[in-house]
Amino acid sequence: LIAIAVLAFSCKKESEEPFGKPIETATEVQTPEALGKEIFEGKGNCVACHQVDQKVIGPSIQEIAKIYKDKNGNMVNFLKGESEAIVDPSQFAVMQANLEITKTFTDEELKAVEAFINSHLK
């Protein structure tokens, strides 16, 4: 009886699938902010020093976004190692290890991190 039940359920599952048609999978489109958050919290390891609304080791994301906006700074160039620190230059030495990581990111990844940070502007 158990074998018959297993056979019946396995046949039912196959019959529910379309025959001869490829199964379509939905491709999720990720926004730059979502990609930036993923990088910020993942391979960038930025979250180890930066929180949204409070200074931990480095300045908060909100503070970074505000200063870059107010000073018309180029965050992508900074993360590439091509411009000076403008938020908290005294902490620049602490960030050197992470800048070696961000220098390996593509322009798309860096712009996504920038979009994520700028999404926290108040």
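Reply: Lys 103 is partly exposed, its relative accessible area being 39%; the term covers values between buried, under 20%, and exposed, over 50%, computed with a 1.4 Å probe on protein chains only. The model is predicted, so local features need pLDDT of at least 70 and side-chain atom pairs count only at pLDDT 80 or more, while totals for chains, interfaces and linings use all residues. Residues are numbered from 1 along each chain as its sequence is written, and side-chain values use heavy atoms, with hydrogens and water left out.

The partner of Lys 103 is Glu 100, and their side chains meet in a salt bridge with an N to O distance of 3.1 Å. By this term is meant a side-chain nitrogen of Lys or Arg within 4 Å of a carboxyl oxygen of Asp or Glu. Glu 100 is likewise partly exposed, at 45%. Side chains of opposite charge can pair when their charged atoms come close. The structure holds six such salt bridges.

Another of them joins Asp 88 to Lys 55, with the closest N and O atoms 3.7 Å apart. Asp 88 lies in the loop between helices H4 (75-79) and H5 (92-102), and Lys 55 in the loop between H2 and H3, so the pair links distant parts of the chain, 33 residues apart. Helices here are DSSP runs of H or I with at least four residues, numbered from the N terminus. Both ends are partly exposed: Asp 88 at 24% and Lys 55 at 47%.

A further salt bridge connects Lys 43 with Glu 109, the closest N and O atoms being 2.6 Å apart. Lys 43 belongs to the loop between H2 and H3 (61-70) and Glu 109 to H6, so this pair ties together parts 66 residues apart in sequence. Lys 43 is partly exposed at 48%, whereas Glu 109 is buried at 17%.

Glu 109 also takes part in the contact of H2 with H6 (heavy atoms within 4.5 Å). The axes of H2 (residues 32-41) and H6 (residues 107-118) come within 7 Å and cross at roughly 95°. H2 is therefore roughly perpendicular to H6, a class that spans 65 to 115 degrees. These axes are lines fitted to C-alpha atoms over the stretch in contact, with angles from 0 to 180 degrees between N-to-C directions.

Notes
Helices (H or I, at least four residues) and strands (E, at least two) are DSSP runs, numbered from the N terminus. Angles under 35 degrees count as roughly parallel, over 145 as roughly antiparallel, 65 to 115 as roughly perpendicular and the rest as oblique.
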